[in-house]
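Welcome, and please have your viewer ready. We will go from stop to stop, selecting a few residues each time.

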Amino acid sequence: MGAWAQGEPPPDLSPEVFAIARELRCPVCQGESTAESNAGVAVEMRRIIAEMLAEGRTREEILAFFVERYGEWVLYEPPRRGITLWVWVLPFLGMGLLGLALLGYFRPKKALPPEVLEEAERRLREQET
Amino acid sequence: MRGWLWVLLVLGLGGLFLWGMQRDPRELPSVLAQERRPAPDFTLPLLPPYRGEWGETLRLADHLGQRPILLNFWASWCFPACYEEAPVLEEAWRRYRDRVLFLGVNVQDREADALRFVGQFGLTFPSVFDPRGRVGVDYGMYGVPETFVIDGEGRVMVRHAGAIDRFTLERYLQEVLR
């Protein structure tokens with residue numbers, strides 16, 4: 001990252017740059033990704049991504065570069081391990097529980113025991129006569 | 001029995017939400033300070049008023065490891081936080097200048113605006129000019145103002161987000177000089 005010209009216009013960025021930038025959180029405007037934001041930091045991060053791609057670095061290496069500086073917080077997709085694994089597991093757990101609850105609710109009711117049915121039929125006949 | 005299970009579930013979720021709402025969104029982790037990593041080096045041009053004393057450009061590595069450094073990221077458009085802390089920094093710099101190096105990094109700013117800011121507060125500690133803010137990315141900076149305390153060995157000790165007040169600054173300086 002040594003030499004760079006100050007104040008030069010941003011280079012024309014390829015869609016590849018934005019694909020990677022979409023996976024990164026903009027540090028200033030935390031609800032936006034680095035691809036969407038026009039904050040100074042986000043613009044500079046896109047420029048860094050473009051430079052690293054030009055150097056032939058891979059997507060993983062570029063993401064690791066930002067994680068190294070900002071921590072895993074900067075990734076839009078929380079890693080599938082450690083405490084953030086729960087973010088991935090909980091929806092499935094919730095769906096499973098909901099499924100079980102629905103199954104219990106709509107389960108066919110148990111048929112009435114034969115002696116109760118016979119009794120009911122007998123009373124019906126008695127009323128008719 | 002099943003009623004109690006529901007009560008527990010609701011209480012648990014409620015507690016989680018309550019805890020989540022009371023977290024300070026500005027308290028973001030700093031990888032540098034948590035692991036006490038060596039401060040990333042940079043070479044940047046100084047703002048014109050400081051060139052006489054400090055030269056055309058400043059290389060951080062030339063000053064790392066000699067004495068503690070207080071690195072302050074600021075911008076003239078950062079109102080009111082940067083305007084609140086500028087006099088505090090200047091006052092502390094006058095008292096500590098022989099023991100701690102205060103260094104400003106002016107980010108994403110126009111030079112004319114930055115000079116106006118420097119003149120307005122009579123800032124005598126040197127500031128470098130980084131209009132694109134690349135050094136901020138190396139430090140994992142979120143937004144201005146942000147202050148990094150670098151110890152005598154050149155390692156990042158503290159990251160302070162937002163305007164710094166007199167007492168907090170004094171505490172950091174005492175800590176880094178211990």
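Here is a short tour of aromatic rings and their neighbours.

This is a predicted model, where local features need pLDDT of at least 70 and side-chain atom pairs count only at pLDDT 80 or more, while totals for chains, interfaces and linings use all residues. Residues are numbered from 1 along each chain as its sequence is written, chains are lettered from A and ligands numbered from 1 in the order in which they are written, and side-chain values use heavy atoms, leaving out hydrogens and water.

**Stop one: a ring pair between chains.** The whole structure holds 16 aromatic pairs over all chains. Rings of Phe, Tyr and Trp (its six-membered ring) pair if their centres lie within 6.5 Å; planes under 30 degrees apart are stacked, over 60 edge-to-face, and the rest tilted. Select Y70(A) and Y142(B): their ring centres are 5.6 Å apart and their planes stand at 70°, so this pair is edge-to-face. Because Y70(A) lies in helix α3 of chain A and Y142(B) in the loop between α6 and β6 of chain B, the pair joins two chains. Helices (H or I, at least four residues) and strands (E, at least two) are DSSP runs, numbered from the N terminus.

Are Y70(A) and Y142(B) buried or exposed? Both are buried (under 20% relative accessible area; exposed is over 50%, partly exposed in between, with a 1.4 Å probe and protein chains only).

**Stop two: a cluster.** In chain B, select W74(B), F79(B), Y83(B), F117(B) and F121(B), which ring pairs link into a cluster.

**Stop three: a charge over a ring.** Now pick R80(A) and W88(A): the charged end of R80(A) sits over the ring of W88(A), 3.9 Å from its centre (CZ of Arg or NZ of Lys within 6 Å of the ring centre and within 35 degrees of the ring normal).
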